[in-house]
Amino acid sequence: MTTGGGAAGEPVIRLRSVAYTYRGPPPVSALKPTSLVIGRGEHVAITGPSGSGKSTLLNLLGLLDKPTHGTIEIDGIDVGAAPERERAAVRAHRIGFVFQAFHLLPYRTSIENVMLAQVYSDEPRRRRRAAAMAALAQVGLADRADALPTALSGGERQRVAIARALVNRPSLLMCDEPTGNLDTATTHELTDLLESLHREGTTLVVITHNPVVAGRAQRQIAIRDGQLTEHPPARGTRAFPGS
Amino acid sequence: MRGDVPPSRLRLHDLGGEALAGLLQRPGRSALTLLGVMLGIGSFVAIVGIAQTASGQIGKQFNVLQATQAYVFDVGAAQSSAPTVDFPPDADALADRIHGVTAAGVYWAVRFKQAAVSAYASGFLASQRALPVTAASPGLLAAAGVKLAGGTLFNQFHETRAQNVAVLGESAAAGLGITSLENQPAIFIDGQPFTVIGIIASSQRLPQLGVGVTVPESTALRLWGPPAHEQAQMLIHTTLGAAKVVAEQAPVAIRPDNPALLKGAAAPSAVQLQHNVSTSLNTLFLTLAGIALVVGAVGIANTTLVAVLERAGEIGLRRALGARPRHIGIQFLTESTALGLFGGLIGASLGVVTILAITIYRHWTALLDPRIVIAAPVAGAAVGLLAGLYPALRASLLEPADALRR
């Protein structure tokens, strides 16, 4: 498997013949057998209409669900069929999530929301506040550390969520419709932020149906009826029907 | 970057912090939820405490003195129109024949219109005393457990001759200015002269003898006639455990011709009755407390289950952040247990306050086993733990992908 995109290094995530079928009756094939490699430092957009299998793919890439076929490796660790204990560990340390609905806890300040991610990754307590503050600074929100989500704009809330995803220095940032709840101007700001994170070396997977957001990525992968196609095809085939 | 990933964890202090934050998210709801456990535990502590306090009071009354004591009441005199004494003159001797009787004697209080006891015939007002005057058969002094400070008690000799002799309680003697019996001091009761022959230090069963004047029964009858207001009664000192049987047999033994005139009673029976009543009341209240506790448990289970459904998004987020199913489950279990614990703590405190309020009002000595006070919050926590099991299981079984979509 060759690499593509300037900064791409060794694979962060590798799917081999991964398929997902919802147990029936009747069984529904949400993701056809798929192989995919995402290299370190890549910025990948996955687009597709609703019902195309985007969410299924995100859940598999983010280890929130197990594939019914095939193997998933993250940082070379086979986690597709691993026990929940191991998968939870990988989620805690190697994957950062950004959701369309932000999922901030409403009664906690920005910095407390960021620090929630450090509970399960078992960051020593005395280091948490400084690390969370650094993550907030990275997304430009150092001055809103003690604000409650209700006092933040939509764009600011999503940036807090990004800080929370970044605080454990994950190998992979998974963004699920990160701009789905934001207006056009804020979408631009946020896309700029994601791009700057990419430039700093973060591996980004963005699931979106906003063409503007998708257009900023190096690689565009379309999904339709559980089938992946890459446009334009990268040097070396990255997405292809599985063997 | 490949290699070992350390497992995700939930440290104890993080667990405590997260559970507390979960409860404080909705303080009003948490407070209402622990109300049930609070009421259950609180009423439990209060009932147990009051029962213990009450049985302490009963224990004070129910001592060995009373267990060896029986009474015979003159119910015939109470029903007759003219004052009379239905005890025959030899009642003491008749009662003594009953198996189990140690001593027995008849007594009644002699009432005067005005303070009647004086150290002088015509009396200086200053030395007149409103002392209780008791008419007693010689056997009574033995049955009452009288201890002498000096002199002697009157006996069958004085009784049969209806002599004007008196024994004084120690404080009565001091009040009348009598310090020595050497000169056969005299006192005047309702103008009648009496020779003081003895001074009583204490009287176990009839404390009034220790502070008043006691004269022979026959003398009182001769001078003032049978008692008009309070009937005569007999006090019987029995061997341990015989009181009840003696009380049943005494009327027949003393008045074989008409036993219905007399009625025997063993002292503890009234106390026993009171105890029985409070026991059945306690059972009722404990049942109510149990119901309150069950309702409290259902409340906690319900609230926790609602919280699990409401916070599905949070559960999904935590799973995405690396929480394992058991981390989610134990967090909700800790929340429900904490609710039960706080309910138990507050309930136990309120229970103790209730006990104090009641005992202070009734002038009782508050008694409460400290183990109850310690066990109450533990019981509350156990209730919360049990109530949280099912919701916690539900929470831990939520699929993160599903939970995030809610």
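This is a predicted model: local features need pLDDT of at least 70, side-chain atom pairs count only at pLDDT 80 or more; totals for chains, interfaces and linings use all residues.
Me: What makes H3(A) mostly covered?
Reply: Of its 11 residues, 10 are buried. Buried takes 20 or more other C-beta atoms within 10 Å (exposed: 12 or fewer; partly exposed: in between; C-beta placed from the backbone). Among the buried ones are A:Ile111, A:Val114, A:Leu116 and A:Tyr120.

Me: What do the buried residues of H3(A) pack against?
Reply: In chain A, they pack against H2, helix H4 (125-138) and H5. In chain B, they meet helix H1 (12-25) and H13. Helices here are DSSP runs of H or I (at least four residues), strands are E (at least two), and both are numbered from the N terminus.

Me: How many residues of the two chains are in contact?
Reply: 28 residues of chain A touch 25 residues of chain B. Contact means C-beta atoms, placed from the backbone, within 7 Å.

Me: Which helices of chain A each supply at least two residues to that side?
Reply: Helix H2 (84-94) and helix H3 (110-120) do. H2(A) gives the largest share, 9 residues. By class, this side of chain A has 14 nonpolar, 7 polar and 7 charged residues. Nonpolar covers Ala, Val, Leu, Ile, Met, Phe, Trp, Tyr, Cys and Pro; charged is Asp, Glu, Lys and Arg; the others, Gly among them, are polar.

Me: At what angle do helix H5 (residues 154-166) and helix H6 (residues 184-199) of chain A pack?
Reply: The angle is about 20°, with the axes 10 Å apart. Axes are lines fitted to C-alpha atoms, for helices over the stretch in contact, and angles between N-to-C directions run from 0 to 180 degrees.

Me: Why are H5(A) and H6(A) called roughly parallel, at about 20°?
Reply: Under 35 degrees counts as roughly parallel, over 145 as roughly antiparallel, 65 to 115 as roughly perpendicular, and the rest as oblique. About 20° is under 35, so H5(A) is roughly parallel to H6(A).

Me: What makes H13(B) and H14(B) roughly antiparallel?
Reply: Helix H13 (residues 325-362) and helix H14 (residues 370-397) of chain B cross at roughly 155°. Their axes come within 6 Å. Roughly 155° is over 145, so H13(B) and H14(B) are roughly antiparallel. Their contact has 23 nonpolar, 11 polar and 1 charged residues.

Me: Why does A:Ile223 count as buried?
Reply: A:Ile223 has 22 C-beta neighbours inside 10 Å, and the cut-off is 20 or more, so A:Ile223 is buried. The residue sits in strand E9 (residues 219-224) of chain A.

Me: Which residues is A:Ile223 in contact with, leaving aside its neighbours within four places in sequence?
Reply: They include A:Ile46, A:Gly48, A:Ser52 and A:Leu57. A:Ser52 is 171 residues away along the chain, yet the two C-alpha atoms are separated by 6.1 Å.

Me: What pLDDT does chain B average?
Reply: The average is 85, and 90% of its residues score at least 70. pLDDT is the predictor's confidence in each residue, from 0 to 100. The model scores ipTM 0.90 and pTM 0.67.

Definitions and conventions:
Residues are numbered from 1 along each chain as its sequence is written. Chains are lettered from A and ligands numbered from 1 in the order in which they are written.
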